[in-house]
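Subject: Structure handover

Hello,

The structure is placed below, followed by notes on what was found in it. Please read the two together.

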Amino acid sequence: MTSSTKRVLIYRLGSLGDTLVALPALHLVAKAFPAAERRMLTNFPVNVKAPPAAAILENTGIVHGFLRYAVGIRSPRELLSLWWQVFRWRPEVLVYLGSSRGVESARRDAAFFKACGIRRLIGVPVTEDMQQNRRDGLDGTLEPEGARLVRNIAELGDARIDAPESWDLRLTEGEKACADEALRPVAGLPLVAVSVGTKVQSKDWGRENWRALLTAIAGDYPGYGLALSGAPEESEASEFAAERWRQAGGGAVVNLCGQLTPRQSAAAFARARVFIGHDSGPMHLAAAVQTPCVAIFAARNKPRVWFPYGEQHRVIYHQTECWGCGLETCIVEKKRCLTSIAVEEVLGEVRAVLGDSRQKKMDGRDGVFAGVFEKNGS
């Protein structure tokens with residue numbers, strides 16, 4: 001049936017990080033429907049810092065086009081417009097890669113897509129098990145979001161989520177060349193890539209912390225170059241953090257904020273020995289190109305669900321009593337989950353990635369959960 005399918009609609013909302021964690025599922029859809037035209041139904045960006053899905057997927061062959069709408073539409077006229085946009089393309093199959101918004105919401109979505117004339121629906125999470133990130137293994141940690149998505153569409157085959165090719169962005173030689181040109185000031189140096197920015201206040205570790213961290217890294221690794229990345233409005237904060245890097249004797253610095261596309265940024269991150277940043281789109285870009293990440297996470301989300309995927313990463317997550325709040329702005333607790341993360345703790349994880357005889361791996365632990373749940377239990 002898949003070989004004769006001509007049009008497949010993929011439903012996935014969100015921006016940079018949401019698109020990147022869905023890469024294994026998107027590659028699986030492309031493999032299952034190689035002869036079909038595959039379009040993504042997605043949203044217009046809701047934040048000026050949030051690149052759309054097309055910034056990652058356009059011209060890759062993973063999908064061939066996009067249908068877009070504004071999230072949160074309520075009026076019958078807007079709903080009719082969305083219905084017509086889908087109906088007139090006449091997709092035969094829907095692959096649902098939506099976020100967890102409850103079983104009833106999923107059932108309403110299924111009814112809408114059936115009303116659009118789509119006969120086969122795959123992955124619509126109409127059970128609680130499909131909605132939830134499962135507890136994984138003996139330690140009871142939660143399943144990553146990317147793993148939940150591929151589990152829900154397992155009827156299409158094995159997504160091989162652990163294989164690097166399942167995260168392949170299909171970067172072009174031109175994109176790699178643009179990245180190399182932008183990195184010319186640090187050419188020939190082992191590279192530390194850093195993104196100090198974030199879209200939301202509750203994820204922001206703080207300018208002074210970043211400045212102190214880069215000062216310490218420069219002192220430990222004076223032969224390394226520094227590449228700063230982020231949105232144009234994050235350039236000043238990046239320069240503030242990097243000022244002491246220079247004073248501490250660090251290597252050359254290049255500020256790429258606003259200078260590269262997301263895909264070109266991914267090509268730049270692929271040249272780095274380590275990426276350091278918040279829970280953010282740039283972090284997921286670095287993980288997609290298999291660069292080890294040291295990721296500083298607020299506890300606003302449940303642990304592990306949005307961590308960078310792979311055993312090479314080091315995540316710092318302090319599970320305070322208010323974890324899982326989902327807040328974009330934290331005032332009452334004053335970002336206690338983040339402010340409790342010390343510069344020395346992050347520096348220890350950077351040393352563990354880059355290698356330092358003075359920093360032994362604690363308790364012999366390794367991989368994605370190093371540094372996780374060390375404060376206030378799990």
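The notes cover a sheet, a pocket and one histidine.

This is a predicted model, in which local features need pLDDT of at least 70, side-chain atom pairs count only at pLDDT 80 or more, and totals for chains, interfaces and linings use all residues. Residues are numbered from 1 along each chain as its sequence is written, and side-chain values use heavy atoms, with hydrogens and water left out.

Sheet. Six strands form an open sheet in the order β10-β9-β8-β11-β12-β13, with parallel pairing (strands are DSSP E runs of at least two residues, helices H or I runs of at least four, numbered from the N terminus; a pair needs at least two DSSP bridges). Its edge strands are β10 (253-255) and β13 (314-317). β8 (191-195) and β9 (225-228) pair over four bridges, and L191 stands opposite G225 in β9.

Pocket. The second largest pocket is lined by 23 residues; W167, P308, Y309, G310 and E311 lie nearest its centre (a pocket is an open set of 1 Å grid points, over the protein atoms alone, where a 1.4 Å probe fits, with protein on both sides within 12 Å along at least five of seven lines; lining residues have an atom within 4 Å of a point). α12 gives the most to this lining, with three residues.

Histidine. H284 is in helix α12 (281-288). H284 counts as buried because its relative accessibility is 7% (buried means under 20%, with a 1.4 Å probe and protein chains only).

Regards

Key. Buried means under 20% relative accessible area, exposed over 50%, partly exposed in between (1.4 Å probe, protein chains only).
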